[in-house]
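Subject: Handing over the structure

Hi,

Here is the structure I promised to pass on.

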Amino acid sequence: MELKQRIINNARTLFLKRGIKGVTMDNLARHLGISKKTLYQHFDNKEHLIGILLQSHLNEETRIIRDILVKSTDAIDEFLKIGTYVLNILRELPSEILFDLQKYYSAAYGKWNEVHKSFVYETVRANLERGKTQGLYRSNLNTDVLARIYVESTTMIVNDEVFPPAKYRPSELFEHFLRYHLNGIVSQSGYAHLQKHFYEHFNEAA
């Protein structure tokens, strides 16, 4: 494995273990057994490294979600598989990481978030169209409006003024929102399908 990728992998592990604020470039260099000079040959500073980590996550997320789109049986199955993937990520993240990114590395986070929001919007809108075509979602849904509401609602989940991290975990908030979203869009015939899929994915009813 080339050194740059080894640095990225180790940085991700340390950030998850100690938090964003808890890891300095000095810590990372010592952990890798390299000099700071070598570290700075690959990354300008900590924010540059964080930006690359965020882009790496986005690339992996895009690949996984596209694979889910191909393998899912219907719109509800697709949405729940994507939701399960996101939930698993959020459950592994210390609650403060998302908030620290926004507070201390707003430039890197903001650049990543704009691209990410666009990807989420396109994914949700396509899912809504698929569900309408399959008769699982209500036929009168405005897919553009609902996709935009979805994107902005997920942004609110990581707003520490609305949901302080000491009191709310992002994974729990997202699971509640997942249920709220799906129950609001399924058609009458899609409701039983939703219950079946929710039991398969979470071993409980929606």
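**What I found**

Let's start with a salt bridge, meaning a side-chain nitrogen of Lys or Arg within 4 Å of a carboxyl oxygen of Asp or Glu: one joins the side chains of glutamate 152 and lysine 117, at 3.3 Å from N to O. Since glutamate 152 sits in helix α8 and lysine 117 in helix α7, the pair ties together parts that are 35 residues apart in sequence. Helices here are DSSP runs (H or I, at least four residues), numbered from the N terminus.

Before going further, two notes on the ground rules. This is a predicted model, with residues numbered from 1 along each chain as its sequence is written; local features need pLDDT of at least 70, side-chain atom pairs count only at pLDDT 80 or more, and totals for chains, interfaces and linings use all residues. Side-chain values use heavy atoms, with hydrogens and water left out.

Back to that pair. I call a residue buried under 20% relative accessible area, exposed over 50% and partly exposed in between (1.4 Å probe, protein chains only). Glutamate 152 counts as partly exposed because its relative accessibility is 44%, while lysine 117, at 19%, counts as buried. Elsewhere, salt bridges that share partners join Arg91, Glu175 and Arg179 into one network.

**The other salt bridges**

The structure holds 9 salt bridges. One of them pairs arginine 130 with glutamate 78, with the closest N and O atoms 2.5 Å apart. This pair links distant parts of the chain, as arginine 130 is in helix α7 and glutamate 78 in helix α5, 52 residues apart. Arginine 130 is partly exposed at 22% relative accessibility, whereas glutamate 78 is buried at 5%.

Lysine 71 is exposed, with 56% relative accessibility, and aspartate 67 is partly exposed, with 37%.

**A closer look at α8**

How far apart are the end C-alpha atoms of α8? They are 21 Å apart, which agrees with the 21 Å that its 15 residues (143–157) should span at 1.5 Å a residue; the expected span is 1.5 Å times one less than the number of residues. The buried residues in α8 are Thr143, Ala147, Tyr150, Val151, Ser153 and Ile157. Seen down the helix axis, they fall within an arc of 165 degrees, so they line one face of α8. That arc is taken from the directions from the helix axis to the C-beta atoms.

What covers these buried residues includes α5 (75–92), α6 (95–104), α7 (106–133) and α9 (170–185), where contact means heavy atoms within 4.5 Å. At the start of α8, a side-chain oxygen of asparagine 142 comes to within 3.2 Å of the backbone nitrogen of aspartate 144.

A nonpolar core is a set of buried Ala, Val, Leu, Ile, Met, Phe, Trp, Tyr and Cys residues joined through side-chain atoms within 4.5 Å. The largest one has 62 residues, and Leu28, Leu39, Leu49, Tyr137, Phe174 and Leu182 touch the most other members. Helix α5 gives the largest share of this core, 9 residues.

Leaving out residues up to four places away in sequence, leucine 28 touches Ile7, Asn10, Ala11, Leu14, Leu39 and Leu49. Alanine 11 belongs to helix α1 and is buried, with a relative accessible area of 1%.

**One last residue**

Over to you!

Key. Helix = DSSP H or I, 4+ residues; strand = E, 2+ residues; numbered from the N terminus. Polar contact = N/O pair within 3.5 Å; in protein donor to acceptor, adjacent residues only side chain to side chain.
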